[in-house]
Amino acid sequence: GLCWCLKTKDLCVVRQSGAAVMSGTAAVITGASRGIGLALTRARLSRSRQQGNDGSPRLEKLFAVCRNPTPELLGLAASTPRIEIVSGSLTSATGPAELASQIQRGCAAEGLLLSELYNVAGILHEPNLGVEPERRLEDMANLDGMLNTFAINSFAPIRLIGALAPQLCAHNQMVRVASWSARVGSITDNRLGGWYSYRASKAAQNSFTKSAAIELQRRKQRKGGAAVVAVHPGTVDTGLSAPFQRNIKHEILTPETSAQRLLDLILRLQLEDNGKFFAYDGTEIPW
């Protein structure tokens, strides 16, 4: 069966008839190979032995999702068995389901409960995909760029939440799901216009996140509950923002600072925070 260690407050594995019993929790981070995703992977790993503030078991495994792992991520994974790299596509027809299957096998092999999902992967500009922020209406002729922007920023996060929902709802631990949005995705806060596809893709992501929050809250009502949120990381010094930094007058954060601040926020989320939109400084942003 399952035993509770009073000293460490961890759930302990007791094997009966060779079967593994659930003993800890796992998290999934997308976009884990670089930028904020890599910084978040490092930050979450550093806290992996800390017990959650809701009394949940310690985090035993991080599934680092990416298309192609960078040397930095490979080196981090080589330093600890707590990181498992999961390579695949978030945007192909079968990609999210295939990723979810890999994660499910990983959790089952070690008797882990999936309790955290961080949807970090996103796109603002990528010439190879025809993605470039549109500054005026005449720039809206590039349909391929628009579709690629929505595929990565809007559809990928909700499709992965959907693919992982059975695992998130299969146990009685509270789950935390955070999708990296942007302040420009707030319709209320839009005072400058421009960046049409990026703004709209983040607004669509926000709508998906809100709906997912409602459903997961219902499905987890008697099973630990859920806190599903959208988060704004601030302007971060990464390849995503680099071409646009010269006109920025406010603070530019390092990936490490942004990741640490949002991780602090997410790990403190309570059930009443479900369905909200937060900035990295903890302030709530209107949808």
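Is Thr30 buried or exposed? At 1% relative accessibility, Thr30 counts as buried, a class that covers residues under 20% relative accessible area, while exposed means over 50% and partly exposed lies in between (1.4 Å probe, protein chains only). The structure is a predicted model, in which local features need pLDDT of at least 70 and side-chain atom pairs count only at pLDDT 80 or more, whereas totals for chains, interfaces and linings use all residues. Residues are numbered from 1 along each chain as its sequence is written, and side-chain values use heavy atoms, with hydrogens and water left out.

The protein has six helices and nine strands; these are DSSP runs numbered from the N terminus, with helices being H or I of at least four residues and strands E of at least two. Of its 287 residues, 49% are buried. Among contacts (heavy atoms within 4.5 Å) with a separation of 6 or more, 68% join residues 24 or more positions apart.

Thr30 belongs to strand 3. Its side chain reaches the backbone nitrogen of Ala121 at 3.1 Å, a polar contact being a pair of N or O atoms within 3.5 Å; within protein, one must be able to donate a hydrogen and the other to accept it, and residues adjacent in sequence count only if both atoms are side-chain atoms. Beyond the neighbours within four places in sequence, the contacts of Thr30 include Gly37, Val65, Leu90, Tyr118 and Leu160.

Next comes the strand pairing. Strand 3 and strand 6 run parallel and are joined by six bridges, where pairing requires that DSSP finds at least two bridges between two strands. Here Ala26 stands opposite Leu114 of strand 6. Strand 6, residues 112–119, is mostly covered, with eight of its eight residues buried. Strand 6 also pairs with strand 7, in the parallel sense, over four bridges, and Asn119 faces Ser179 of strand 7. From strand 6 the chain passes through helix 4 (residues 143–168) to strand 7 in a right-handed β-α-β crossover; right-handed means that, with the strands pointing away from the viewer, the path from the first strand over the helix to the second runs clockwise.

What about the nonpolar cores? Such a core is a set of buried Ala, Val, Leu, Ile, Met, Phe, Trp, Tyr and Cys residues joined through side-chain atoms within 4.5 Å. The largest has 36 residues, of which Leu40, Tyr118, Trp180 and Ile266 touch the most other members. Among the elements that each supply at least two residues of this core are strand 3 (24–30), helix 1 (35–46) and helix 6 (255–267). Outside the four places on either side in sequence, Leu40 is in contact with Ile29, Tyr118, Val120, Trp180, Ala259 and Leu263. Another core, of 26 residues, lies apart and includes Val28 and Leu160.

Finally, five aromatic pairs are found, with rings of Phe, Tyr and Trp (its six-membered ring) pairing if their centres lie within 6.5 Å; planes under 30 degrees apart count as stacked, over 60 as edge-to-face and the rest as tilted. Tyr118 and Trp180 are edge-to-face because their ring centres are 6.3 Å apart and their planes lie at 65°. Tyr118 is in strand 6 and Trp180 in strand 7, so this pair ties together parts 62 residues apart in sequence. Tyr118 is buried at 1% relative accessibility, and Trp180 is buried at 3%. Phe150 and Phe155 form a tilted pair, 6.3 Å centre to centre with 45° between the planes. Phe155 is partly exposed at 38% relative accessibility, and ring pairs link Phe150, Phe155 and Phe208 into a cluster.
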